[in-house]
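This report describes one protein chain for a reader who is new to structural work. Please keep the sequence and the model in view while reading.

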Amino acid sequence: MHMYCISDLAEEFGITTRTIRYYEELGLLKPSRTEGGRRIYSSSDLARLKLVLRGKRFGFSLEEIKEMVLLFDEDRTGEKQLKVTIQYGEEKLAEVNERIAELVEIKEEIERLMTEFKGRLEG
């Protein structure tokens with residue numbers, strides 16, 4: 001099994017070691033420790049961190065991410081995790097679609113105003 005130190009993960013994902021320690025404080029990562037107290041991360045921790053960062057990129061809160069990630073520990077079949085992830089995903093998709101509609105509306109209004117303003121300059 002491959003093991004990683006905190007700086008390996010920070011470099012791999014382009015985040016700070018402080019962020020990784022924060023995720024550990026939240027219970028999202030559970031590294032083992034050397035006799036000297038250094039954190040040692042497993043491939044499982046690396047996979048979890050990847051899921052956390054993907055969740056953040058998609059706009060999920062850390063509480064939502066924690067619930068989704070930790071459900072796998074409860075139910076190794078992954079069924080509970082998938083159900084909750086689908087629920088949160090549907091909610092997030094609805095939010096994204098709403099935001100897209102708002103942005104399209106703003107874009108159309110800006111285009112209308114630009115056309116109007118250009119017409120004033122030409123007229």
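The model is a predicted one. Glutamate 116 is likewise classed as partly exposed, at 32% relative accessibility. The two residues form a salt bridge, in which the closest N and O atoms are 3.6 Å apart. Arginine 112 and glutamate 116 are 4 residues apart in helix H5, so about one helical turn separates them.

Side chains of opposite charge can pair when their charged atoms come close.

## A second pair on helix H5

Lysine 83 also takes part in a salt bridge, with glutamate 79 as its partner and 3.2 Å between the closest N and O atoms. Because these residues are 4 positions apart in helix H5, lysine 83 and glutamate 79 are separated by about one helical turn.

Are the members of this pair buried or exposed? Lysine 83 is exposed, since its relative accessible area is 54%. Glutamate 79 has 46% relative accessibility and therefore counts as partly exposed.

## A network of salt bridges

Another salt bridge joins glutamate 24 to arginine 33, and the closest N and O atoms of this pair are 3.2 Å apart. Glutamate 24 is buried because its relative accessible area is 18%, and buried means under 20%. Arginine 33, at 44% relative accessibility, counts as partly exposed.

This pair belongs to a network of salt bridges that links Glu24, Arg33 and Arg39. How many salt bridges are counted? The count comes to 9 salt bridges.

## Domains and annotation

The domain assignment divides the protein chain into domain 1, residues 1-58, and domain 2, residues 75-122. Between the C-alpha centres of domain 1 and domain 2 there is a distance of 31 Å.

An unreviewed UniProt entry carries the annotation "domain: HTH merR-type" for residues 3-71. Over residues 3-71, the chain is 61% helix and 6% strand. The end C-alpha atoms of that stretch are 24 Å apart.

## Glycine 59

Where is glycine 59 placed? Glycine 59 is in the loop between H3 and H4. At 38% relative accessibility, this glycine counts as partly exposed.

Glycine 59 can also be compared with leucine 26 by position. The two are 33 residues apart in sequence, and their C-alpha atoms are 18 Å apart in space.

## The largest pocket

Rolling a probe the size of a water molecule over the atoms shows where empty space is left. The largest pocket has a volume of about 220 Å³. Its lining consists of Leu51, Arg54, Gly55, Phe58, Phe60, Ile65, Met68, Val69, Gln81, Leu82 and Thr85. By class, the lining of the largest pocket has 7 nonpolar, 3 polar and 1 charged residues.

Which helices each supply at least two residues of the lining? They are helix H3 (43-57), helix H4 (62-74) and helix H5 (79-122). The lining of the largest pocket also draws at least three residues from each of domain 1 and domain 2.

How values were computed:
Residues are numbered from 1 along each chain as its sequence is written. This is a predicted model: local features need pLDDT of at least 70, side-chain atom pairs count only at pLDDT 80 or more; totals for chains, interfaces and linings use all residues. Side-chain values use heavy atoms; hydrogens and water are left out. On a 1 Å grid over the protein atoms alone, a cavity is a set of points where a 1.4 Å probe fits but cannot get out, and a pocket is an open set with protein on both sides within 12 Å along at least five of seven lines; lining residues have an atom within 4 Å of a point. Grid points are joined across faces, edges and corners, and a volume is the space filled by probe spheres set on the points. Ala, Val, Leu, Ile, Met, Phe, Trp, Tyr, Cys and Pro count as nonpolar, Asp, Glu, Lys and Arg as charged, and the others, Gly among them, as polar. Domain bounds come from an automatic or database domain assignment. UniProt positions are given in the numbering used here, feature names are shortened, and annotations may be inferred rather than shown by experiment. Buried means under 20% relative accessible area, exposed over 50%, partly exposed in between (1.4 Å probe, protein chains only). A salt bridge is a side-chain nitrogen of Lys or Arg within 4 Å of a carboxyl oxygen of Asp or Glu.
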